[in-house]
Amino acid sequence: MLKNLQRTVSAANFKMYQSAVTSLLFQFATSAILMVPLTCFVIVVWAGLDNTQLFIEVTLAIGALHPIVNAVVVTLTTSLYREYIFRKLATRRFRVFAVNLVGDPKESKLIENILNLFQF
């Protein structure tokens with residue numbers, strides 16, 4: 001598919017298309033994190049095995065990691081996101097904003113401690 005496209009687009013656009021396809025393939029591969037444990041879950045349920053509580057809990061916990069892993073994969077495989085994150089890490093200008101719903105923020109040591117915890 002990309003070989004036919006390479007003949008019709010510029011080198012810069014082809015590199016972008018190639019990067020997009022690579023990113024999509026890695027995102028698709030993260031689906032295995034969801035599908036493998038849930039397939040095992042279905043097999044255990046259909047087989048009617050006893051004393052599988054721990055196994056079921058582990059498979060559900062692994063399945064719950066899918067959105068987190070997918071977000072990391074998207075960030076690392078998409079050049080614009082990756083460059084932004086690494087640029088922010090290099091300058092160490094991440095900021096945490098707290099919303100105080102009740103009272104004065106200066107009176108709350110909890111919010112102050114949380115803000116101090118996340119400052120670089």
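Here are some notes on this predicted model, point by point.

1. Ground rules before the details. Because the model is predicted, local features are reported only at pLDDT of at least 70 and side-chain atom pairs only at pLDDT 80 or more, while totals for chains, interfaces and linings use all residues. Residues are numbered from 1 along each chain as its sequence is written, and side-chain values use heavy atoms, with hydrogens and water left out.

2. Confidence. The protein chain averages a pLDDT (the predictor's confidence in each residue, from 0 to 100) of 76, and 70% of the residues score at least 70. Helix H5 has the highest confidence, at 87, and helix H7 (residues 109-118) the lowest, at a mean of 64. Where pLDDT is low, the predicted coordinates should not be read in detail.

3. Overall fold. Helices (H or I, at least four residues) and strands (E, at least two) are DSSP runs, numbered from the N terminus. Of contacts (heavy atoms within 4.5 Å) between residues at least 6 apart in sequence, 44% join residues at least 24 apart.

4. Surface and burial. Buried residues make up 11% of the 120 residues in the protein chain. The cut-offs are under 20% relative accessible area for buried, over 50% for exposed and partly exposed in between, with a 1.4 Å probe and protein chains only. The protein chain exposes about 10,000 Å², and carbon and sulfur atoms supply 67% of that area. Accessible areas come from the Shrake-Rupley method with a 1.4 Å probe; for residues, only the protein chains shown count as cover.

5. The annotated spans. UniProt, in an unreviewed entry, places "transmembrane region" at residues 21-48 and 54-81. Its positions follow the numbering used here, feature names are shortened, and annotations may be inferred rather than shown by experiment. In the model, residues 21-48 are 93% helix and 0% strand, with the end C-alpha atoms 41 Å apart. Residues 54-81 are also 93% helix and 0% strand, and their end C-alpha atoms are 37 Å apart.

6. His66. This residue sits in helix H5 (residues 66-77). His66 counts as buried because its relative accessible area is 16%. Leaving aside neighbours within four places in sequence, His66 is in contact with Thr30, Ser31, Ile33 and Leu34.

7. The nonpolar patch. Leu65, Ile68, Val72, Leu76, Phe86 and Leu89 make a nonpolar surface patch of about 560 Å². Patches are made of residues with over 30% relative accessible area and no salt bridge, joining like charges within 9 Å and nonpolar side chains (Val, Leu, Ile, Met, Phe, Trp, Tyr) within 5 Å. A salt bridge here is a side-chain nitrogen of Lys or Arg within 4 Å of a carboxyl oxygen of Asp or Glu. H5 and helix H6 (79-91) each supply at least two residues, and H5 gives the largest share, three residues. Leu89 is found in H6 and counts as partly exposed because its relative accessibility is 42%.

8. Ile85. Also worth a look in helix H6 is Ile85, partly exposed at 29% relative accessibility. Ile85 and Thr75 are ten residues apart in sequence, with their C-alpha atoms 8.2 Å apart in space.

9. Asn51. This one lies in the loop between helix H3 (31-47) and helix H4 (53-64). Phi of Asn51 is near 55 degrees, a positive value in a residue other than glycine. Most residues other than glycine have a negative phi. Asn51 counts as exposed because its relative accessibility is 81%.
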